[in-house]
Protein chains: 2
Amino acid sequence: MTRRIEFWFDMSSNYSYVSSMRIEAAAARAGVGVAWLPFLLGPIFAELGWSTSPFVLQKAKGAYVWRDMQRQCAKHGIAFRRPSDFPRKATLPMRIAAAHADEAWMPAFCQAVMAENFAHDRAMDDEALCTGLLGGLGADAATVLAQSASPEGRAALRRNTEQAQGRGIFGAPTFFVGAEMFWGDDRLDDALAWAARREFGEGES
Amino acid sequence: MTRRIEFWFDMSSNYSYVSSMRIEAAAARAGVGVAWLPFLLGPIFAELGWSTSPFVLQKAKGAYVWRDMQRQCAKHGIAFRRPSDFPRKATLPMRIAAAHADEAWMPAFCQAVMAENFAHDRAMDDEALCTGLLGGLGADAATVLAQSASPEGRAALRRNTEQAQGRGIFGAPTFFVGAEMFWGDDRLDDALAWAARREFGEGES
């Protein structure tokens with residue numbers, strides 16, 4: 001089987017941003033393919049009784065996280081500016097991404113959307129923004145937006161979110177290599193090493 | 001000033017165990033000294049409204065954490081066995097450690113206590129255990145135990161815990177280099193690199 005990592009992310013999640021900006025290069029170095037799988041953290045946090053991100057609910061952790069983001073982004077050479085609004089909605093671009101998982105432009109679209117929020121402190125849940133980014137990536141924006149708004153289009157993101165819950169995902173980013181789960185940008189390199197070690201025909205863990 | 005990292009830990013915390021087993025070698029390689037600072041996570045979790053570890057309260061995260069511990073300990077060559085009781089009390093050995101911060105045997109004592117729990121699945125909060133470990137490290141166990149049980153001895157751990165709260169610590173392990181905070185075993189190497197870069201006379205961040 002092909003060496004492959006699943007990258008489960010929410011565009012509103014700051015550590016998902018860090019992974020999204022470095023995963024393709026890191027995976028290429030490891031000889032591993034990446035499947036981008038957007039899902040909504042909101043319903044998973046709601047199940048835990050949380051109304052929003054733990055970085056908002058826990059003040060001390062929240063204060064720390066933004067300093068940590070500065071340091072991590074500096075370390076990896078990723079542009080970063082603390083969003084003035086967090087967590088920011090991203091339903092429209094996440095629907096677009098989920099409904100177009102097989103399109104070559106999908107990862108670059110996700111990176112560009114997240115950079116709007118985490119590098120430029122701008123809104124993500126915006127039709128004009130998505131139209132512009134899709135056009136820049138050579139996609140037919142009008143068709144993509146219409147497909148994403150259709151019942152089938154909307155169902156794709158809902159399905160990803162249900163799968164994430166079913167597989168025990170409790171935060172983002174989360175990586176899977178077969179059945180093996182890795183949580184957090186801090187485990188990206190371990191997950192890639194795990195995927196690179198797997199041999200053709202090996203079992204699920 | 002001397003290059004130095006503060007290592008804030010709770011003996012009951014599993015990721016504190018990982019750091020405790022690797023910090024001395026890693027710090028020596030970086031040319032950095034380590035100050036071991038035991039504190040109680042319980043009062044900090046209680047402030048967040050948590051009755052115990054989030055790894056117990058959040059089922060999906062809890063299930064993941066023990067698999068992650070296996071992988072992390074294997075990666076670092078650290079013995080590990082999942083404790084059948086978690087989080088395990090460690091008040092007595094933590095009092096001993098806090099009240100004897102300047103003793104040469106203190107770090108080795110902490111490592112040995114935590115290995116009882118995280119490598120051998122045995123209780124930590126035990127006077128016979130502490131007596132045996134102290135004796136093995138060349139300390140006068142009877143004197144150490146008496147000092148740790150005195151009002152001054154007990155105050156040391158309470159003071160560390162209050163300081164941890166005052167400095168915004170929300171989990172363990174936490175590292176400080178001057179005013180710069182790093183949370184989690186995953187940030188140990190970053191914290192050591194930060195400490196190693198600091199020059200004589202440099203400011204606090």
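A word on the model first: it is predicted, local features need pLDDT of at least 70, side-chain atom pairs count only at pLDDT 80 or more, and totals for chains, interfaces and linings use all residues. Residues are numbered from 1 along each chain as its sequence is written, chains are lettered from A and ligands numbered from 1 in the order in which they are written, and side-chain values use heavy atoms, with hydrogens and water left out.

I start with the sheet. It is open, has four strands in the order β2-β1-β3-β4 of chain A, and its pairing is mixed. Strands here are DSSP E runs of at least two residues, helices are H or I runs of at least four, and both are numbered from the N terminus. Two strands pair if DSSP finds at least two bridges between them. At the edges stand β2 (33–38) and β4 (180–183) of chain A; each has a single partner strand, so one side of each has no neighbour in the sheet. On average, neighbouring strands are turned by 25° against each other, direction ignored.

Strand β3 (residues 174–177) of chain A runs antiparallel to β4(A), and four bridges join them. F175(A) has F182(A) as its bridge partner in β4(A).

Now the helix across the sheet. Helix α10 (residues 188–197) of chain A lies across β1, β3 and β4 of chain A, at about 10° to β3(A). Angles run from 0 to 180 degrees between N-to-C directions, and axes are lines fitted to C-alpha atoms, for helices over the stretch in contact. Which residues of α10(A) are buried? They are L188(A), D190(A), A191(A), L192(A), W194(A) and A195(A), where buried means under 20% relative accessible area with a 1.4 Å probe, protein chains only. Their cover includes β1, α1 (14–30), β3 and β4 of chain A, together with α4 (59–76) of chain B.

Next, a helix pair in chain A. Helix α5 (residues 91–99) and helix α9 (residues 151–166) of chain A pack at about 90°, with axes 8 Å apart. α5(A) and α9(A) are therefore roughly perpendicular, a term for angles of 65 to 115 degrees.

Last, chain B. The axes of α8 (residues 141–149) and α9 (residues 151–166) of chain B come within 4 Å and cross at roughly 70°. That makes α8(B) roughly perpendicular to α9(B). Q147(B), S148(B) and A149(B) of α8(B) make the contact with P151(B), G153(B) and R154(B) of α9(B).

Methods. Angles under 35 degrees count as roughly parallel, over 145 as roughly antiparallel, 65 to 115 as roughly perpendicular and the rest as oblique. Contact means heavy atoms within 4.5 Å. Buried means under 20% relative accessible area, exposed over 50%, partly exposed in between (1.4 Å probe, protein chains only).
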